[in-house]
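Please keep the sequence and the model open while reading.

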Amino acid sequence: MSQGPSGGFSRNQTFHSQKNLPALGLPGQTIGNEFARNPQGLVFDTVLGGGAMFVDPPLISSNLAVNEGMMFHESLHELGLGDKEIQETLHLTVDSKNTMNITDKLEKDCVNARGNH
Ligand SMILES: [Zn+2]
């Protein structure tokens with residue numbers, strides 16, 4: 001069991017044993033098997049309201065701007081905002097199964113917008 005820099009949590013940490021782990025976790029589910037069940041789609045998992053952010057390194061984009069957009073996206077979760085709330089606030093299609101529109105919007109407006117680099 002290795003522990004990363006995310007507050008001492010490990011990949012084998014169960015969601016239910018820490019009240020501040022992601023609310024979507026099921027009892028007994030680990031961070032590792034959450035990533036394993038979504039091998040192509042779950043890059044980050046962030047605790048709403050702060051505390052920890054988990055990353056599945058093989059899925060990180062090679063595009064720096066995409067990664068920066070993703071970090072903005074996840075940082076909003078650290079502030080306590082859920083995907084639905086972010087999508088509504090940014091006037092995006094609300095879709096709990098596809099939240100990449102948040103990352104795309106933040107990348108476009110906050111990273112690649114004219115005058116930002
Ligand atoms: Zn999200």
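This is a predicted model: local features need pLDDT of at least 70, side-chain atom pairs count only at pLDDT 80 or more; totals for chains, interfaces and linings use all residues.

In which helix is V111 found? V111 belongs to helix α4, which runs over residues 100-111.

**Overall layout**

- The secondary structure of the protein chain consists of 4 helices and 2 strands.
- Along the sequence, these elements follow the pattern α-β-β-α-α-α.
- The protein chain has 117 residues, of which 21% count as buried.
- Among contacts in the protein chain with a separation of 6 or more, 39% come from residues 24 or more positions apart.

- V111 is partly exposed because 17 other C-beta atoms lie within 10 Å, while the cut-off for a buried residue is 20 or more.
- Leaving aside residues up to four places away in sequence, V111 touches A65, E68, G69 and N116.
- The C-alpha atoms of V111 and F72 are 9.5 Å apart, although the two residues are separated by 39 residues along the chain.

**The buried side of α4**

- The buried residues in α4 are I102, T103, L106 and E107.
- These residues are on the same side of α4, because they cover an arc of only 130° around the axis.
- The cover over the buried residues of α4 includes α2 (64-78) and α3 (83-89).

**Packing of α2 against α4**

- The axes of α2 and α4 come within 8 Å and cross at roughly 110°.
- On the α2 side, the contact is made by A65, V66, E68, G69, M70, F72 and H73.
- On the α4 side, the contact is made by I102, T103, D104, L106, E107, C110 and V111.
- By residue class, the contact of α2 with α4 divides into 8 nonpolar, 3 polar and 3 charged residues.

**Helix α2**

- α2 has 15 residues and spans 21 Å from its first C-alpha to its last, close to the 21 Å expected at 1.5 Å a residue.
- G69, M70, H73, L76 and H77 are buried in α2.
- Seen down the axis of α2, the buried residues fall within an arc of 115°, so they line one face of the helix.
- β1 (44-46), α3 and α4 are among the elements that cover the buried residues of α2.
- After α2 comes G80, which has a positive phi near 105°.

**N67, also in α2**

- N67 lies in helix α2.
- N67 counts as partly exposed because it has 17 C-beta neighbours inside 10 Å.
- Not counting residues up to four places away in sequence, N67 touches I60 and S61.
- N67 and E107 are 40 residues apart in sequence, and their C-alpha atoms are 8.3 Å apart in space.

**H91 between α3 and α4**

- H91 is placed in the loop between α3 and α4.
- Buried or exposed, how does H91 count? H91 is exposed, because 7 other C-beta atoms lie within 10 Å, and the cut-off for exposed is 12 or fewer.
- The phi of H91 is near 60°, which is a positive value in a residue other than glycine.

- V47 lies in the loop between β1 and β2 (53-55).
- V47 is buried, because 23 other C-beta atoms lie within 10 Å.
- V47 and L79 are 32 residues apart along the chain, with their C-alpha atoms separated by 9.2 Å.
- E34 is found in helix α1, residues 31-36.
- With 20 C-beta neighbours inside 10 Å, E34 counts as buried, the cut-off being 20 or more.
- The C-alpha atoms of E34 and D45 are separated by 8.9 Å, and the two residues are 11 residues apart along the chain.

Technical notes: Residues are numbered from 1 along each chain as its sequence is written. Two residues are in contact if their C-beta atoms, placed from the backbone, lie within 7 Å. The arc is that of the directions from the helix axis to the C-beta atoms. Axes are lines fitted to C-alpha atoms, for helices over the stretch in contact, and angles run from 0 to 180 degrees between N-to-C directions. Ala, Val, Leu, Ile, Met, Phe, Trp, Tyr, Cys and Pro count as nonpolar, Asp, Glu, Lys and Arg as charged, and the others, Gly among them, as polar. The expected span of a helix is 1.5 Å times one less than its number of residues.
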